[in-house]
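Okay, thanks for making time, everyone.

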Amino acid sequence: MRILAFDIGGTFIKYALCNDNFELTEKNKIPTNAKQGGQVIIQRIIDIIESYENIDRVAISTAGQVDSEHGVVVYSTDNIPYYTGMMVKSLIENKTGIPTFVENDVNAAALGEAHFGAAKGENDFICLTLGTGVGGAIFLNNKLYKGSASAAGEIGHMVIHAGGRQCTCGGEGCFECYASANALIKAVNKISDEPLDAFQIFQKENMQRPEIRSEIDKWIDEIIIGLMNLIYIFNPPLIVIGGGIMNEDYIIELIDRKIYSRLMKSFKNVRIERSQKGNDSALLGVAYEASKL
Ligand SMILES: [Zn+2]
């Protein structure tokens with residue numbers, strides 16, 4: 001079976017072919033040009049699909065809250081305008097005739113980790129991604145928990161500071177305002193004389209500066225608070241954390257060093273692990289689901 005899998009993010013659309021062994025080949029990426037809006041983006045996806053031959057299934061991982069049963073984007077922020085309500089599955093199926101599966105990107109990444117990565121063999125786990133914001137997915141009893149309106153798992157908007165920082169969701173004090181990669185970059189750049197990106201922040205010469213190190217440690221403490229809330233609600237055996245910034249060993253090591261002494265006894269069995277499939281996890285997750293259509 002030849003599956004064409006897409007991952008529609010705010011900045012790039014990544015896509016690849018996937019075979020029966022769930023190996024990704026012919027990986028590609030193009031700018032999303034999100035401001036052009038949902039309609040234009042889906043038309044570009046259709047053009048790409050039509051440029052291939054013998055595609056059996058289409059698999060779409062996308063930003064936004066998704067009703068995966070009907071393949072509809074039920075809600076999207078203004079990062080991608082005119083995307084809310086878009087019937088992605090039926091638009092693609094009607095134009096191409098190819099059965100299509102659509103899922104939210106963090107849910108898709110969780111599916112990828114569940115079937116091929118860090119959560120292989122686990123019936124229950126929580127998945128987090130630290131990036132521009134904080135994404136979340138809840139995997140229970142061997143499947144995604146979607147909630148009553150396909151919106152469950154908005155872990156980034158769990159409120160952890162009353163009257164705290166203003167969030168893009170309209171609320172204040174949300175987890176992602178403190179624990180996202182962006183939150184760290186903002187905090188460090190307030191005190192640094194030259195602008196630093198996430199990679200530069202963790203370079204030795206910067207890590208050795210006490211004022212930067214202190215911002216990193218404060219940021220990790222915020223992550224730990226969010227993790228502890230999740231651990232106390234779900235008592236999960238595993239939490240998987242993804243996002244490019246997790247390549248920095250220091251983060252997972254400090255979380256591991258600090259979190260267990262703070263947890264009540266019955267919760268200490270939890271393992272905190274990095275995503276294994278990284279950027280491929282979302283593509284693999286939707287491809288797996290599409291193969292079952
Ligand atoms: Zn929020």
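So, start with the contacts between α1 and α2: Ile42, Gln43, Ile45, Ile46, Ile49 and Glu50 on the α1 side meet Val88, Leu91, Ile92, Lys95 and Thr96 on the α2 side. Keep in mind that this is a predicted model. The two helices, α1 at residues 38-50 and α2 at residues 88-96, pack at an angle of about 40°, and their axes are 10 Å apart. The crossing of α1 past α2 is right-handed.

Okay, over to a sheet. This one is open, with 5 strands in the order β10-β9-β8-β11-β12, and the pairing is mixed. Which strands stand at the edges? That's β10 (143-144) and β12 (271-274); each has a single partner strand, so one side of each has no neighbour in the sheet.

α3, residues 105-116, packs on it and touches β8, β9, β10 and β11, with its direction at about 50° to that of β9. Then there's α8, residues 210-234, lying across β8, β9, β11 and β12 and running at about 160° to β8.

Last stop, arginine 57, which sits in strand β4, residues 57-62. Arginine 57 is buried, yet has no salt bridge. How far away is the nearest side chain of opposite charge? That's aspartate 56, at 5.6 Å. Leaving out residues up to four places away in sequence, arginine 57 touches Met1, Arg2, Ile3, Leu4, Ile98, Pro99, Ala290 and Leu293.

Notes: Residues are numbered from 1 along each chain as its sequence is written. This is a predicted model: local features need pLDDT of at least 70, side-chain atom pairs count only at pLDDT 80 or more; totals for chains, interfaces and linings use all residues. Side-chain values use heavy atoms; hydrogens and water are left out. Helices (H or I, at least four residues) and strands (E, at least two) are DSSP runs, numbered from the N terminus. Buried means under 20% relative accessible area, exposed over 50%, partly exposed in between (1.4 Å probe, protein chains only). Lys and Arg count as positive and Asp and Glu as negative; His and the chain ends are not counted. A salt bridge is a side-chain nitrogen of Lys or Arg within 4 Å of a carboxyl oxygen of Asp or Glu. Contact means heavy atoms within 4.5 Å. Two strands pair if DSSP finds at least two bridges between them. Axes are lines fitted to C-alpha atoms, for helices over the stretch in contact, and angles run from 0 to 180 degrees between N-to-C directions. A crossing is left-handed if the near helix is turned anticlockwise from the far one by less than a right angle, and right-handed if clockwise.
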